[in-house]
Amino acid sequence: MTLLEWQQKWLQQLRGERGLAELTLKNYDRLITADLSELEQQTITDPKQLRVPVIERLLVGWRRSGLGERSIALKLSAWRTFCQFLVESDALDDNPAASISAPKIPKRLPKNLDVDSISHLLDLPHDDEIAIRDAAMMELLYASGIRLAELVSLNRDDIDHRMMQLRVTGKGSKTRIVPFGRCAEKALKQWLKVRQAWLVDKPELALFISKRLQRISPRTVQQRLNHWGQQQGIVGDLHPHKLRHSFASHMLEASGDLRAVQEMLGHANLSTTQVYTHLDFQRLASVYDNAHPRARKK
């Protein structure tokens with residue numbers, strides 16, 4: 001079997017045994033497909049030909065093409081996973097990508113919107129059907145902190161209006177229950193009326209649909225959010241993850257309950273959630289002054 005054939009088998013294994021989402025599978029596919037085509041031009045088509053110098057040459061090519069450190073780290077991670085699959089399938093003796101160090105990525109604090117900017121962003125027209133749908137999507141993203149892939153995969157039956165909860169299927173096909181608030185509930189009810197008028201009697205599971213009466217795509221959601229960011233005068237690019245960051249930041253600042261926010265975000269590890277604890281130093285100093293025995297005023 002050639003490397004390209006092994007790649008397809010690898011993706012099937014990721015889909016079947018590990019239950020990865022389609023978006024994740026597409027990213028894995030995209031990360032190594034161009035490299036495999038390049039290796040094929042160099043007549044490197046057999047897994048046995050994969051050696052450390054081959055991966056190192058790929059790494060040099062990534063740098064020359066101008067890829068950033070984060071992108072290089074992602075590509076190297078994909079190659080490690082692919083090569084490990086080849087090892088486990090007895091197509092390769094050892095993993096040539098395992099010994100290559102990934103570039104160090106400086107930790108960047110997530111950017112979020114303040115509460116006033118969120119309120120201004122979500123103040124959309126109520127007489128436009130597309131705006132009503134978009135408002136419901138943005139309200140839900142901010143109210144629950146769900147990911148873009150989780151939003152577009154929501155079905156109508158995943159909404160519990162009485163308890164104001166969502167049943168969300170996250171990474172690794174793990175399901176969690178996430179609460180949402182009254183503003184999101186109001187926006188959802190307005191959208192559901194529009195959705196029913198669009199569909200008439202056509203059966204459709206998806207909660208959010210396009211004018212073509214199909215499940216809305218991640219790309220469309222991104223475009224719509226960027227559109228409203230510009231329309232409402234929000235500084236910088238507006239994307240779904242910025243609303244997720246804002247949800248996490250505002251929840252942590254108000255509650256201080258890192259574990260609860262971890263559960264709502266669907267993070268497997270608490271360390272992933274801790275990146276959202278970017279409280280300003282003045283507030284941290286105030287907490288310290290009020291709490292530490294050696295800092296409290298007598």
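Figure 1. Lys48 is partly exposed, with a relative accessible area of 38%, where buried means under 20% relative accessible area, exposed over 50%, and partly exposed in between (1.4 Å probe, protein chains only). This is a predicted model, in which local features need pLDDT of at least 70 and side-chain atom pairs count only at pLDDT 80 or more, while totals for chains, interfaces and linings use all residues. Residues are numbered from 1 along each chain as its sequence is written, and side-chain values use heavy atoms, with hydrogens and water left out. Lys48 forms a salt bridge with Asp93, and the closest N and O atoms of the two are 3.5 Å apart; a salt bridge here is a side-chain nitrogen of Lys or Arg within 4 Å of a carboxyl oxygen of Asp or Glu. The pair links distant parts of the chain, 45 residues apart, with Lys48 in the loop between helix H2 (22–41) and helix H3 (52–64) and Asp93 in the loop between H4 and H5. Asp93 is exposed, at a relative accessible area of 60%.

**Figure 2. The whole protein, as a setting for the close-ups.** The protein has 13 helices and three strands; helices (H or I, at least four residues) and strands (E, at least two) are DSSP runs, numbered from the N terminus. Of its 298 residues, 41% count as buried. The protein exposes about 17400 Å², and carbon and sulfur atoms supply 50% of that area, with accessible areas coming from the Shrake-Rupley method with a 1.4 Å probe. Among contacts with a separation of 6 or more, 57% are accounted for by residues 24 or more positions apart, a contact meaning heavy atoms within 4.5 Å.

Figure 3. Helix H6 (residues 129–144) has 16 residues and reaches 23 Å from its first C-alpha to its last, close to the 22 Å expected at 1.5 Å a residue; the expected span is 1.5 Å times one less than the number of residues. H6 is mostly covered, since 13 of its 16 residues are buried. At the N-terminal end, Asp128 caps H6, with a side-chain oxygen that lies 3.2 Å from the backbone nitrogen of Ile130. H6 is followed by Gly145, whose phi is positive, near 75 degrees.

Figure 4. By the rule given for Figure 1, the count comes to nine salt bridges. The side chains of Arg133 and Asp134 meet in one of these, at 3.1 Å from N to O, and both Arg133 and Asp134 are buried. Arg133, Asp134 and Arg224 are linked in a network of salt bridges. The side chains of Arg167 and Asp158 also meet in a salt bridge, at 2.8 Å from N to O. In this pair Arg167 counts as partly exposed, at 39% relative accessibility, whereas Asp158 counts as buried, at 12%.

Figure 5. Three strands form an open sheet in the order S1-S2-S3, and the pairing is antiparallel; two strands pair if DSSP finds at least two bridges between them. Strand S1 (159–160) and strand S3 (175–179) stand at the edges, each with a single partner strand, so one side of each is left without a neighbour in the sheet. S1 and strand S2 (residues 165–169) pair in the antiparallel sense over two bridges, and the bridge partner of Ile159 in S2 is Leu166. Met164 has its place in the loop between S1 and S2; although Met164 is not a glycine, its phi is positive, about 55 degrees. At 27% relative accessibility, Met164 counts as partly exposed.

**Figure 6. Ala102 and the residues that it touches.** Ala102 is found in the loop between helix H4 (69–88) and helix H5 (115–121), and at 32% relative accessibility Ala102 counts as partly exposed. Not counting residues up to four places away in sequence, Ala102 touches Ala73, Leu76 and Arg80. The C-alpha atoms of Ala102 and Ile72 are separated by 7.5 Å, although the two residues are 30 residues apart along the chain.

**Figure 7. Thr43 in the loop between H2 and H3.** Thr43 has its place in the loop between H2 and H3, and its phi is near 60 degrees, a positive value in a residue other than glycine. Thr43 is exposed, with a relative accessible area of 58%.

Note on methods
Polar contact = N/O pair within 3.5 Å; in protein donor to acceptor, adjacent residues only side chain to side chain.
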